[in-house]
Amino acid sequence: MFFPRCPTLPSVRFPLMDPPRSPTTATCLPRPTSTGNFAAGGGGALSSMLAFSSHFPQQHSLPRRLAHMFTTPVYYANGSPHLGHAYTTILADALCRWNRLCGVNSRLSTGLDEHGIKVSEMAKQQGYSEQEWVDLKAAEFQQLFLDLDVNYDVFVRTTSAQHIALVQSTFSRLVQQGDIYLGQYSGWYSVADETFVPESQVEEILPGEGGDNNKSGEVRVGKVKLTDRLVQWSTEENYMFKLSKYRKAAQAWAHINRVHPASRLNELMQGLQYEGDLSVSRPASRQHWGIPVPSHPEQLIYVWFDALLSYLTAAGYDDTATKGECRDLPIHWPATHVVGKDIMQFHAFYFPAFLIAAGFSTPKALIIHGHWTNKGTKMSKSLDNGVDPRVLLQQTSSDSVRYFLLFEGAITSNNNFDVHLFIDRVNADLCNSFGNLGNRALSPKLNPTNTWPEFRYTPEILGAAEEVIHHLLHLTDTVRRLFQSCDIASALRTIQAAVQKTNQFLQANEPWKLCKHERSSPIDAVPPVFVPSSSAVYTTKYAASEQHEQAEDILYISLECLRITSILLLPVIPHAASLMLDKLGVRMSERYVADAVVGYEYKTGLKTGPWSEAKAENKQEEQLSSEDGRRSEGERKGGILRAQEKSARGKGNTPIFERLTYFEL
């Protein structure tokens, strides 16, 4: 059935956020009468509240080359993935998915940093060659991201030929410019971080003061003040980057609203006071697993210079192209980088300086999040208290893991993981709230025809639903602002508030009791609005009694809440939200942020309930193609297979979320 229309109001669209598809008409919930007032008792406060819909701007055309890229760090390949890797990647994936829902051609990049001393040492300990080891780690990370429903476009490996060529050519260019020179460097070297640490950040351990750390005093030893990591005084011949020349430019970049949250800026500025130059190579005698300096193979390029340039590789820069021109760099660059606070200095200081010196655009933004603790204690290998996300996924679904990490993972502080908290959050929000509303509104007893009801504007229900409608009218705009400020946790709390109020509204008005009243006599026969696969079966339309009109209004509002919140939850719980929209019969072309408005008009031919398998697969392909037309055929096929695999899990009438019971990790 058609949704009620309000033809005097403009199309509901956000500027520059519309998906690249044919426009449809978005409408508000109230139905105007010929006199301009809202029908069936919908005036007063409710009329003013519903008029909010008219304040959205008119539809804008999408810029032809509107595109963006989000990146995670390239994770260090010296061990298996842990909860921190999972959180950073899910956070970047959710932000990228949100941009896609807003119609932006968005790319997500992740990958592995595969060079360095620690990688070589770990491979040797485990009995592998370096290349065999990083191949193994790459497979582990890729499998984890697949299991977490991370829809990445590029998986960068720093051992790839394209990346190595980019790093060496950039290094050579900076040498020719005079921004990199050969010199001697002395300083505190951290093996754990594979970098020299400024002397101001180190406290020296004198002989006899540091226990076993400095018994003899033959080697100067210290510890980093912030992290307590051990460092040694080292002197060696290295290539040096003129960081002092670009320090002020890098500081200026960080100050112009590039760092999020802004509270990280003061902490970051302390590390940006370093006035010396930066060592960007290491003797091959110290480490042999890395990228050689062109024309000087006795030196290997600094692992962070190597790793940071992987973002240009991900953007599509191909240094083998004519005159160093790149294929996709103008489209997806500059990027937004999502990183943990332990590596923010490399991204906010060194990387912009490298880019400015090499003539590239600086990043668009840097999103810095805190660490995860286990029951309040920092996770570490020495304490053996890390949480393996792969073990967690054996106990629950990817949607549950994604939702918990994004709900509890505020980027402004460290976050705590606890199994009890995890189970309570999933059960309360996904099972008891979102899932329960879906189970009720889609139940055969409440909705025996399994169709969208006609909204009839009964005065009693309009009055009872005033608070719910108010929340739904403001919901999308509020969530959009929170996503734009990277506050996904607050966005999820806002969505949950709307779902909970709708559940309360449904419970208080008890539509299942209203449905027990007898209908009037049949008035005509109409074809079904959706025919799954077999021959058409005609249904009988009845004139509704007053009680049935009220029940249909309650059901309509409940289904609208499910539709809107499911669209908004697609970046966070993609599998469950997609399944809910499938059950509601929402077309793939109408699953964008611009569609998440109250009273969005459907066309004839929709019905709640699972789609046929063939239609679902076709629609999945349509969505993947519209998300990013520049993806290769192989990438699209891979995404379709993943989507079909996930879709197959939700077939049947089983609940979208099962309650969790306590488990051990």
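**Fold content, helix packing and aromatic contacts**

The chain holds 22 helices and 20 strands; these are DSSP runs numbered from the N terminus, helices being H or I with at least four residues and strands E with at least two. The model is predicted, so local features need pLDDT of at least 70 and side-chain atom pairs count only at pLDDT 80 or more, whereas totals for chains, interfaces and linings use all residues. Residues are numbered from 1 along each chain as its sequence is written, and side-chain values use heavy atoms, with hydrogens and water left out.

Of the 665 residues, 55% count as buried (under 20% relative accessible area, with exposed over 50% and partly exposed in between; 1.4 Å probe, protein chains only). Contacts are heavy atoms within 4.5 Å. Among contacts in the chain with a separation of 6 or more, 77% come from residues 24 or more positions apart.

Helix 20 (residues 574-584) is mostly covered, with ten of its eleven residues buried. Among them are Leu579, Met580, Leu581, Asp582 and Lys583. The cover includes helix 2 (83-101), helix 13, helix 14 (419-441) and helix 19 (546-569). Glycine 585 follows helix 20 and has a positive phi, near 75 degrees.

Helix 3 (residues 117-125) packs on helix 4 (residues 130-147) at an angle of about 95 degrees, with the axes 9 Å apart. Axes are lines fitted to C-alpha atoms, for helices over the stretch in contact, and angles run from 0 to 180 degrees between N-to-C directions. The two helices are therefore roughly perpendicular (65 to 115 degrees; under 35 counts as roughly parallel, over 145 as roughly antiparallel and the rest as oblique). Val119, Ser120, Met122 and Ala123 of helix 3 meet Glu130, Trp133 and Val134 of helix 4. Lysine 137 lies over the face of tryptophan 133, at 4.6 Å from the ring centre. Here a charge sits over a ring if NZ of Lys or CZ of Arg is within 6 Å of the ring centre and within 35 degrees of the ring normal. The charged end of arginine 220 likewise sits over tryptophan 233, 4.5 Å from the ring centre.

The whole structure has 27 aromatic pairs (rings of Phe, Tyr and Trp, its six-membered ring, with centres within 6.5 Å; planes under 30 degrees apart are stacked, over 60 edge-to-face and the rest tilted). Tryptophan 372 and phenylalanine 404 have ring centres 6.1 Å apart and planes at 40 degrees, so this pair is tilted. Tryptophan 372 lies in strand 16 (residues 372-374) and phenylalanine 404 in helix 13 (residues 398-408), 32 residues apart. Tryptophan 372 is buried at 6% relative accessibility, and phenylalanine 404 is buried at 0%. Phe171, Tyr239, Phe241, Tyr246, Phe305 and Phe354 form one aromatic cluster.
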